[in-house]
Structure formats: structure tokens, C-alpha cells
Amino acid sequence: MDSFLEEEEDEEAAVGRKRSPAAPAGSTLQPPLHLPFLPVLLHQPASSHENKVNFKKSKEACLSYIQDAMLQKQWKRAAEFLTFYVESLEKDYSREPISPSEMIWRIGTEILCHHSHSSMKEFNCFVEQMKTLGVKRYLKVCLEHVFHLLCNGQIDEAYQNLSLAESWRFGEQTALQDKEMKLIQAYRGLLDYYSWSKQKNVLLERGLDGFADLSVEQEMHSCFRKAAVNLKEIIKIPGVWDLFVKCYVDLLEFYGDHNEARQVLNEYAYNSKFPANPNAHVYLYQFLKRQGESKKSVISALKILHDIVPSHELMIDFNTMLQKSKKRKKRRLGLEVIFAALDYAGWKENVKAWSCLARQVKQIVISEKHLDWIKQEWNSRKDWWPAFHFSRYLAKRNWQENKNLSYEKALVAGILLGKDGKYFKYVSHQGCKAQVKRFRILKKFVNRRNPVYLRISGLSDSSVQP
Amino acid sequence: MKDEVLYSFWRCYLQKSKQAYCNRPAGETVKALSVRESSTDVDSEPERPSLLHLLSLSESEGDLLTDCSFASSMSKVSESTSIYSGSVDGSLYLMKNQKEKLRMTMPTTLSFCYMALLWLREPITLSELLRFVVEGHIPYLNVFQHFPEKMKLCGLDLKIFCVESWPVYEEVYNKMLELAVFLDLPRFPDITDSCFLHPDMLCIKYLMEANLPDELHNWTCRVVKKIGIGEVDFLTLVPGNKSTRKVKYDILAAAVIVVVLKLLFLLDDHYEWLLSDLAEERNKNNKEGGLYFEFKKWYEVVKHSLDVEQKKLDEERAKYLWRCEKPLFYSVKNKSRVLKRRQMVVNLQNQFGKLSGSVRRAEKPNPSSFQLRWSEENTDGSCFHGHSLKGILQEKCGLLTAMNPDYWLCTVKLCNEKLCGHLAHYREEDFPQSYHFVLRLFSFLLRIQPSYIHDEVCMIEHKLFNKKLYKKLKYNTVLRK
């Protein structure tokens with residue numbers, strides 16, 4: 001290597017030298033191969049200004065540090081970087097999609113929520129400043145502030161803020177932020193409802209003593225009026241308003257306006273403009289039940305619920321109701337409902353559900369009518385229900401944990417899978433060993449009805465009678 | 001002395017650009033002109049800057065340590081100038097004027113400064129100057145804070161004075177060259193062996209900072225001598241001479257060190273580690289007392305420090321505060337808005353500042369030439385200055401030569417700088433990691449992109465292996481025939 005620096009005389013000898021000192025092997029000896037020299041067109045030289053550190057770039061970097069810190073829940077560090085970021089408020093960002101003021105609002109809220117040293121007072125102070133920052137977001141900020149206050153139990157402050165926000169006017173912005181305004185009014189209505197119900201309870205308690213407090217009552221009524229107006233408004237808009245609907249219906253029922261209540265609930269449940277909401281039907285059902293409506297309307301309400309959410313908890317009641325019905329179609333539906341419910345893992349260990357199914361299946365088997373119903377229902381399930389519900393492992397576990405469950409399930413298993421099925425065999429064997437009476441009866445029953453099983457599973461001639 | 005140099009440059013500039021000091025200035029009268037001196041040397045004492053009022057052609061002195069800034073000279077006296085229209089010729093300044101291209105901008109003021117420093121052959125490089133600017137030792141960012149009360153800044157002046165980006169090395173350097181030509185300056189004072197800017201001297205500094213053994217200095221001197229970049233004629237700036245390549249002293253010195261490392265260690269991701277193992281072996285048997293230099297150990301120590309410092313730098317970059325207490329506004333109308341915003345920003349800063357827990361250091365550390373410091377007193381062995389290179393050298397004909405017989409060129413053919421802007425195009429993926437690390441180290445120290453150092457490395461290599469390359473090409477063309 002020294003030769004490169006010192007000896008010039010070696011040039012002549014260099015040609016004869018074996019090793020090629022200068023270039024890496026094969027670079028200039030084989031013309032086609034070029035080392036890191038790229039055609040000008042393909043590789044544009046990086047401009048010297050590419051890495052220029054300017055305002056926007058450094059603020060972007062700052063923002064990414066804030067994000068990192070927040071994701072790792074390092075609130076102090078996030079706050080530190082935020083102090084450097086707030087400067088971007090002074091620069092014009094009107095062309096960017098998200099303005100720094102919105103960023104600062106959201107980031108600041110997060111930090112203040114989680115930081116150990118922050119207090120509600122600081123939070124309020126911060127939010128007040130944020131409100132002045134962006135007029136296009138004013139109502140949104142107000143609303144989120146109210147939510148935060150409610151979460152921290154400061155209901156009165158929340159109410160004040162809502163009233164203040166409601167009276168806000170700002171030219172055409174008021175029209176543009178109409179949706180938020182409606183929400184604000186709705187929440188104020190909700191808080192009115194809350195105070196109404198407080199006063200109602202007070203009155204009811206005192207009412208037992210005999211003397212009615214007139215002022216409280218009047219206040220209560222005024223709360224009602226305020227609440228009713230606002231809640232009614234918001235419910236008109238298509239959306240998911242479970243909380244508001246419930247409160248409104250409660251108000252209406254208290255004052256005896258059942259028609260209005262029914263109308264509201266019907267609208268909420270059946271109006272196609274509203275998004276599909278199972279709760280709507282639940283509310284309607286509960287209302288109808290309270291009112292003691294006819295079975296027909298109740299059943300129709302629940303039917304839709306079954307269609308939307310087959311695994312809903314009300315399906316048990318639905319099934320019970322349907323089983324009692326005299327109409328064949330209804331009973332058929334009941335069977336369908338209970339089978340559908342038990343398709344879901346949440347019902348696997350539910351004794352009541354299994355008992356409903358067991359009862360209905362037993363009844364069908366004893367009457368020997370409509371066995372085809374069971375066959376139809378079982379057809380789509382015979383591939384996977386045995387492993388899902390009636391495995392040997394489950395048999396053991398059910399027996400150990402819940403005898404009632406195992407009893408009901410064994411009944412169903414015995415009918416659907418026959419007396420030789422794993423589940424039934426195990427449980428009945430255990431039951432008889434333990435000398436529990438009902439298991440012995442069960443065993444006899446199933447053994448006698450085995451042909452039914454054969455018919456259901458299609459293994460023998462359908463006309464065979466026991 | 002400095003006053004005079006910069007002052008005369010400034011006068012020359014104004015004269016040339018017909019803004020003042022001539023019979024028919026482009027404007028009619030001059031309002032005020034302030035020229036301030038920069039003193040960035042650690043060694044020198046703070047200079048008293050001079051405020052110059054050309055109307056009275058007298059000098060008065062201020063007390064401030066500030067950077068070179070400039071004021072505006074009037075071009076047309078317009079009746080409607082109110083206090084808030086700012087400097088009268090601000091609008092003229094910003095208009096694109098074909099005739100006079102060299103309008104003053106904030107980065108250009110730095111070019112001015114550097115030119116004066118170069119003339120005086122001060123021991124400061126351009127990269128150091130720019131680093132001091134970024135670190136805030138030289139007022140640049142919100143320089144109007146230091147203006148006298150009378151000079152109110154608003155309107156279009158904002159575009160000139162309101163800085164929202166840090167100056168780039170290339171930009172400042174090229175502008176300086178342009179300025180030198182524009183001012184018809186003669187050949188600059190010679191840069192000789194004893195001058196700080198000579199590659200030998202700068203190499204010492206960078207070797208120290210990079211924690212490399214002092215013995216490498218011999219090798220850098222030899223490389224410098226061999227390719228003739230230590231010559232006075234090569235190093236001295238001659239404005240207007242388009243044929244010679246302009247020298248960037250700091251980048252050149254760094255590139256020389258990189259080349260020397262390549263010569264000794266090859267840096268192809270294999271050889272240097274083998275060599276390091278060999279040195280380690282030798283160290284075990286070493287009876288002389290002085291440790292042999294092991295690349296691996298050096299790499300570990302330096303990489304660790306570099307990563308730490310780089311991380312700090314990145315965070316500092318994210319934490320720049322571009323605005324200051326004195327807000328700027330374009331017109332009376334948005335004054336109140338700007339002030340309100342400023343107030344809100346300050347409030348928010350206070351609020352979150354309290355939550356951030358850490359106390360912001362009130363004083364800036366003093367400016368220093370060295371960013372990485374390695375002390376021999378440290379017992380953990382992290383300082384490599386005193387290490388000997390014998391571990392990687394071999395005896396040959398009584399001389400110590402490197403064991404590495406090979407070398408790889410960064411590029412076989414240099415690009416045309418006028419077309420591409422660069423001599424070579426650097427992409428990290430194309431080169432060995434060790435090479436990239438060394439480039440990264442120096443690019444951190446100089447605060448520039450690795451590609452600039454790569455360019456200089458290519459240039460040096462081509463000078464170094466010129467004869468061999470030339471011969472090979474000739475051989476190839478002969479072959480083809």
C-alpha cells in the first residue's frame with residue numbers, strides 16, 4: 001500500500017504485478033461492469049435543499065416525537081414536546097388538511113386527562129383557550145368538554161356549559177354546526193331529565209309522608225317540559241339514540257301519554273331511515289309488555305329481534321311465549337328460535353335455554369306429531385352440534401359442574417343422537433350410578449323413544465311406530 | 001481589524017450593487033445602515049460592533065454581540081410611507097430584478113461573514129460557523145430583536161428578516177463565491193502550512209474529535225503531499241478563476257481522513273474486522289506498554305457516542321423555537337390578532353411546561369469547537385488518541401507499511417459537476433456499512449450530508465490513483481483497437 005504513496009518508479013513494474021492494486025476486482029478490466037456509477041437519468045442527484053431544516057419540517061419532527069411519547073404513555077415527555085409544538089399556531093397552515101390548533105386541542109386533552117399532575121381546573125382553563133382558537137370547532141370542543149365534566153361527575157358545570165353553548169351564535173357558523181347544536185340541546189335535555197328524576201324520587205319519598213312540596217313539584221314539571229322538547233327533537237333525526245329514547249319514554253309514561261310513547265318507539269324501531277338497532281326492538285317489547293298489549297304485537301316485535309340478533313337474551317322469553325301459543329306456526333317458530341339461540345357459544349352453559357329446548361322436544365316426541373320439525377332443525381346442525389355441545393369432554397364437565405344442565409342436555413342428546421350417543425350414555429350412566437331418580441326416568445324414557453331418534457336421523461323407515 | 005475588513009467588503013458591495021457609495025445610487029438617500037461584527041472565536045474577545053450611519057458617515061458603537069445584519073436603503077421616497085410600511089425599499093428588494101442579482105438575504109449575510117473570516121484566515125471553518133448559528137451563539141434567527149428601537153420591522157421586511165429555515169452549507173458557500181466575484185476581489189491571502197485551514201492542521205483537529213490515533217496524522221500528511229492538495233495555490237481562493245476546483249477545507253480534511261482509513265483498513269465490512277482481531281492478538285503479546293489500535297473497540301466506543309449525540313441532535317431539531325417574544329406582523333390590522341396568538345402560545349407553553357417536569361436550562365453552554373471529547377484520563381479506555389498503529393502494520397524493507405494490499409474506488413468515473421451538481425452519487429445501500437459509518441461520523445461533526453464528503457473522497461481517490469486509472473483506460477482503449 002505504501003507503494004501508492006511513495007514510489008513512482010514502480011509504475012513500469014506495475015503492469016507486470018499480479019495483484020491489481022487500484023480497482024476492485026474486475027471493474028475496469030471488463031468494460032460492461034460499472035461500479036457505483038449510475039446513469040444520470042435514473043438517479044437524480046439529491047438536491048442540497050432536500051434536507052433543509054425549516055419550520056414545517058422541524059414541527060413535523062416534533063409532532064412525531066409527541067406521538068411516540070403518547071403511545072408509550074410518557075406524558076411528561078409528550079408535554080415537553082408539546083411546548084415546542086404550540087408555536088405552530090402562529091404560522092399559517094390554512095392549506096393543510098389538519099390544522100395545528102386541532103392537533104393541539106386533541107393532544108392537549110389527552111395529556112391533561114392522563115397526566116398525574118393535572119387537575120380539572122387546569123383542564124377547564126385549557127379547554128377555554130381551545131374554544132377561542134377555532135370558531136369552526138367551537139361547539140365540538142364544548143361538547144367534548146361537557147363529556148369530560150360528566151365523566152368526572154361535575155354535572156352542574158356540565159349543565160352550565162351546555163346552556164352557554166346553546167346560546168352561542170356566530171353568523172353562518174351556527175348554521176354549519178347545526179348537528180353539534182342539536183346534540184348539545186339533546187344532552188341538555190338529558191340533564192334536565194336527570195334532575196327531573198331526582199326531584200321525582202324526592203317527591204315520591206315525601207309523598208308517603210303525606211304533604212306535597214309544591215315548589216319541587218313545579219320545578220319537576222318545568223324540567224319535564226324542557227327535557228321533553230329537546231329529547232323529542234333529537235329523536236326525530238335518524239340515528240342511534242338509545243339513551244334519549246329511554247328517558248323520553250320514561251317521561252311520557254309517567255305523565256300517562258302512552259300513545260305518544262308507543263308512536264315514538266314504533267318510529268324508532270320500524271322507520272327504515274334509522275339504522276338497524278336491536279335495542280329499539282327491545283325497548284318496544286318492554287313497553288308493550290308493560291302496557292299489557294296483546295300477544296300478537298309483542299310477538300311481532302320480538303320476531304324482528306330474533307331476525308337481527310338470534311342470540312339475544314330475550315329469546316328465552318320469546319320461546320316460552322311461543323311454546324304456549326295455540327297456533328302451530330308459533331310453536332314451530334319457537335323451536336326455531338331456541339335452536340338458533342343455542343347455536344351461539346354464549347348459551348352453551350345456560351340451563352334455562354336447554355330446559356326450554358328439552359321441554360319442547362319432549363313434548364313433540366311424546367305427542368309424536370311434528371317430528372319433521374325436529375328433523376328440519378336438526379338437519380343443518382347434525383354435522384357440528386355433536387362436537388359443539390355433546391362431546392364426551394363436555395359430558396364429564398357438565399356432570400361435574402352442573403347436574404341440571406347435564407340433565408337437560410342429556411334429554412336433548414338422547415333424542416337427537418339416540419341412546420348410544422356419547423353424551424347421553426355417559427350422563428345417564430353417571431346419573432344412575434349416583435342413584436338420582438330423574439336420571440333413571442330419563443334413561444327409560446330415551447330408551448323407549450329410540451325409534452324416534454332413528455326417524456329423526458333418517459336411519460330407518462319413517463313410518464315405524466314404537 | 002475585523003471591523004475594517006468587513007466594513008470595506010460591505011462598502012464595496014453597496015457600491016457595486018449601486019445601492020450606496022456611488023454617484024448615482026439606485027436609490028436617492030440612505031436611511032440607515034447597520035453593520036455588525038461577528039465574533040465567533042472561542043479565543044478572541046467580544047468585538048465592539050459598529051453602527052454606521054451613512055448619512056452622517058460617522059461611526060458609533062453599540063454594545064451588542066450580534067451577527068452581520070443589514071438594513072434597508074431607500075430607493076424611492078414615497079409619500080405614503082407610514083411607520084408600518086417597514087423599510088421603504090423592502091418591496092423593491094423582493095421584486096425580481098434582473099440586473100442586480102445579488103440581493104441580500106439572511107444566508108448571504110453569513111456568506112459575507114465567512115468571506116471576511118476567510119480573508120483573515122481565522123481558525124474557523126464554514127461548518128463550524130453554521131453550527132454556531134444553529135446553536136444560537138450567533139444571532140440569526142430573530143435578529144430583529146437586537147435592532148434599535150427606531151427600526152421598526154413590518155410589512156415586506158418580514159419576508160427578508162423572518163427566518164424559517166437554517167442555512168445550508170452549499171448555499172452559503174456558493175453565495176460566497178459569487179460575492180467574491182461580484183466584488184472583484186483579488187486573490188485571497190495565502191493559506192500556508194501553518195494556517196488553521198490547511199488540511200494538515202484540520203486533520204489533526206478532526207482526528208482528535210473522531211477519537212482516532214494521533215499516528216494517523218502521518219498518513220494524512222502523506223496523502224496530502226502526494227496529491228498536492230497542501231499546495232498554497234490549490235488552497236487559496238482566487239475569485240473568478242473558474243478552472244480550479246473550489247476548496248471546502250473542512251470537507252476536504254474529513255475526506256482525507258476517510259481515504260486514509262480506507263487505505264489502512266479497506267472498510268469493506270470484512271477486512272477491518274479481521275485486522276482488528278489480528279491487532280487484538282498482537283495486543284495480548286504486546287510488551288511495549290502502548291496499546292495497539294483495534295478497529296473493533298474504536299467502532300464500539302465511537303458508535304455509542306455518535307448514536308447518543310445524534311439522538312440528542314434530532315430531538316433538539318424537533319425542539320427548535322422559531323418565534324420569539326417580539327412578534328412580527330404584516331400590518332396594523334393583524335397586529336392585534338398576532339399579539340393574541342402570541343399570548344395564547346405563551347400561556348400554553350407555560351401550562352404544559354409545568355407538566356413536563358424538566359427544568360429547561362436557562363443558559364446556553366458556551367460555544368465550543370469540539371463536539372465529541374475524549375480524554376486520556378478516562379480509565380475505561382475509551383480514548384484512542386495514544387494508540388499505536390503498529391498492530392495493523394507490517395515491516396517491509398525497514399519501513400512500516402499497511403498490511404492491506406487492496407483498495408476499492410468509490411466510483412470509477414466522476415460525474416460532470418455542472419450537469420449533475422455532484423461528482424458522485426451516494427446511496428447508503430451501495431456501500432459497505434463501515435464506510436457508511438465513517439461518513440456518518442464526519443457528517444455529524446460537520447453537520448452536512450454524507451454525500452458531500454463522499455464527493456470529496458471520490459475526488460481525492462481519483463487524484464491519488466490518477467496514473468493507474470489513466471493507464472488502465474489507455475490500456476483498455478489500446479485493447480479495443
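Which residues of chain B does UniProt list for "domain: Rrn7/TAF1B N-terminal cyclin"? The unreviewed UniProt entry assigns this domain to residues 104-148 of chain B. In the predicted model, that segment of chain B is 53% helix and 0% strand, and the C-alpha atoms at its ends lie 20 Å apart.

Further along chain B, strand S4 (residues 393-396) and strand S5 (residues 399-402) are paired in the antiparallel sense through four bridges. Within this pairing, Glu395(B) is positioned opposite Leu400(B) of S5(B).

Chain A contains 25 helices and zero strands. Of its 466 residues, 46% are buried. Where contacts in chain A link residues at least 6 apart in sequence, 59% of them join residues at least 24 apart.

The predictor assigns the complex an ipTM of 0.74 and a pTM of 0.71. For chain B, the mean pLDDT is 73, and 74% of the residues reach 70 or more.

| Stretch of chain B | pLDDT | Contacts in the model |
|---|---|---|
| residues 21-92 | under 50 | 161 contacts beyond four places in sequence |
| residues 94-100 | below 50 | five contacts beyond near neighbours in sequence |

Where pLDDT is low, predicted coordinates should not be read in detail.

Terms used. Residues numbered from 1 in each chain as written. Chains lettered and ligands numbered in written order. Predicted model: local features only at pLDDT ≥ 70, side-chain atom pairs only at ≥ 80, totals over all residues. Heavy atoms only, no water. UniProt positions renumbered as here; feature names shortened; annotations may be inferred. Helix = DSSP H or I, 4+ residues; strand = E, 2+ residues; numbered from the N terminus. Pairing = 2+ DSSP bridges. Buried < 20%, exposed > 50% of the residue type's maximum accessible area, 1.4 Å probe, protein only. Contact = heavy atoms within 4.5 Å. pLDDT = per-residue confidence, 0-100.
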